[in-house]
Amino acid sequence: MLFKNKKKEELRVDESLSHIAFIMDGNGRWAKARALPRRMGHRQGAIAFEKIVRECSKIGIKTVTVYAFSTENWKRPKEEIDAIMELLSNYIDRAEDEKGTRYVFLGDKSVLNEDLRIRMEKLERESVDREYTLNIAFNYGGRAELVTAFNELASLGKTSITENDISEHLYTRDSKDPDLIVRTANECRISNFLLWQCAYSEFYFTDVLWPDFDERELHKAVKSFYKRKRNFGGI
Ligand code: IPE
Ligand code: IPE
Ligand code: MG
């Protein structure tokens with residue numbers, strides 16, 4: 001059920017929508033439309049991200065996952081990659097003061113700058129007991145995640161693998177599968193995001209570019225979710 005206070009447009013979700021994932025796309029196009037460098041689009045995207053994470057918590061979402069940097073994004077110019085790394089580093093500074101959120105980084109941290117990696121791991125450790133979970137997919141690829149999981153299972157000597165075994169060896173092992181996946185910027189593809197976990201997720205695509213995605217747009221996505229009928233293969 002969706003609780004809505006008509007006067008104030010106050011939205012509350014229930015347990016049927018506990019996890020939302022976002023493919024935050026369109027930062028580059030947002031900058032281009034303003035004749036700004038792409039890094040300015042990422043900067044504005046980071047502001048939108050913090051706003052949406054706060055609003056999700058406010059409406060009762062338990063877990064948010066954001067796609068911040070993919071295993072394929074290394075193909076981009078060094079200047080752009082450096083700008084994204086700096087935004088993450090600055091965000092971690094602020095996140096250290098945010099005492100209500102559990103932070104989990106999904107992806108391979110081993111190739112990142114050592115100082116950044118250490119701070120990511122520290123934030124994960126120190127926030128582990130908190131309830132509202134923010135998964136940040138950074139240097140994340142769904143295929144790489146599955147390969148890592150299979151290799152871990154192989155190294156444990158597993159010869160017969162169950163679906164549960166795989167789920168428990170993914171970066172998302174502590175989160176349930178996303179109920180809703182939102183992708184902005186008019187692209188209708190998965191781009192190597194949560195390939196295993198999206199088996200029965202609902203999808204919401206919008207033309208809005210990520211830096212313009214605000215509370216109102218989030219509410220639209222949530223309302224759209226509540227109009228869907230999820231069958232999970234049943235009738
Ligand atoms: C998404 O925005 C952010 C990252 C992939 C890091 P883009 O940078 O892909 O923006 P567009 O798709 O070029 O507009
Ligand atoms: C997906 O966006 C990755 C992130 C949002 C971090 P991309 O912009 O990299 O995806 P493609 O290349 O258009 O599929
Ligand atoms: Mg893009």
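1. **G142 and its place.** G142 sits in helix α5, residues 142–155. Helices here are DSSP runs of H or I with at least four residues, strands are runs of E with at least two, and both are numbered from the N terminus. The model is predicted: local features need pLDDT of at least 70, side-chain atom pairs count only at pLDDT 80 or more, and totals for chains, interfaces and linings use all residues. Residues are numbered from 1 along each chain as its sequence is written, chains are lettered from A and ligands numbered from 1 in the order in which they are written, and side-chain values use heavy atoms, with hydrogens and water left out.

2. **Surroundings of G142.** G142 is buried, at a relative accessible area of 1%. Buried means under 20% relative accessible area, exposed means over 50%, and partly exposed lies in between (1.4 Å probe, protein chains only). Setting aside neighbours within four places in sequence, G142 is in contact with N192 and L195. Contact means heavy atoms within 4.5 Å. L106 is 36 residues from G142 along the chain, and their C-alpha atoms are separated by 9.9 Å.

3. **Helix α5 as a whole.** α5 has 14 residues and reaches 20 Å from its first C-alpha to its last, close to the expected 20 Å. That expectation is 1.5 Å times one less than the number of residues. Its buried residues are G142, E145, L146, A149 and L153. They cover an arc of only 95° around the axis, which puts them on the same side of α5. The arc is that of the directions from the helix axis to the C-beta atoms. On the other side, R143, A154 and S155 are exposed. The buried residues of α5 pack against β6 (132–140) and α6 (163–168). G157 follows α5 and has a positive phi, near 85°.

4. **The sheet.** Six strands form an open sheet in the order β5-β6-β4-β3-β7-β8, with parallel pairing. β5 (101–106) and β8 (202–205) stand at the edges with a single partner strand each, so one side of each has no neighbour in the sheet. Neighbouring strands are turned by 20° against each other on average, direction ignored. Two strands count as paired if DSSP finds at least two bridges between them. As background, strands of a sheet pair through backbone hydrogen bonds, either parallel or antiparallel.

5. **Pairings on either side of β4.** β4 and β6 run parallel and are joined by seven bridges. T63 has T133 in β6 as its bridge partner. β3 and β4 pair in the parallel sense over five bridges. I20 stands opposite V64 in β4. Seven of the eight residues of β4 are buried, so this strand is largely enclosed by the rest of the structure.

6. **β5, β6 and helix α2.** β5 and β6 pair in the parallel sense over six bridges. V104 has N135 in β6 as its bridge partner. Helix α2 (residues 38–58) packs on the sheet and touches β3 (19–23), β4 (63–70) and β6. The direction of α2 makes about 145° with that of β6. Axes are lines fitted to C-alpha atoms, for helices over the stretch in contact, and angles run from 0 to 180 degrees between N-to-C directions.

7. The rule asks for a side-chain nitrogen of Lys or Arg within 4 Å of a carboxyl oxygen of Asp or Glu. E124 and K109 meet in one at 3.2 Å, N to O. E124 lies in helix α4 (residues 114–126) and K109 in the loop between β5 and α4, so the pair ties together parts that are 15 residues apart in sequence. Both E124 and K109 are buried.

8. K158 forms a salt bridge with D165, the closest N and O atoms being 3.6 Å apart. K158 is partly exposed at 38% relative accessible area, whereas D165 is buried at 12%. E202 forms a salt bridge with R230, with the closest N and O atoms 3.7 Å apart. This pair links distant parts of the chain: E202 is in strand β8 and R230 in the segment after α7 (215–225), 28 residues apart. E202 is buried at 15%, and R230 is partly exposed at 23%. Salt bridges that share partners also join D25, R29, R183, E187 and R189 into one network.
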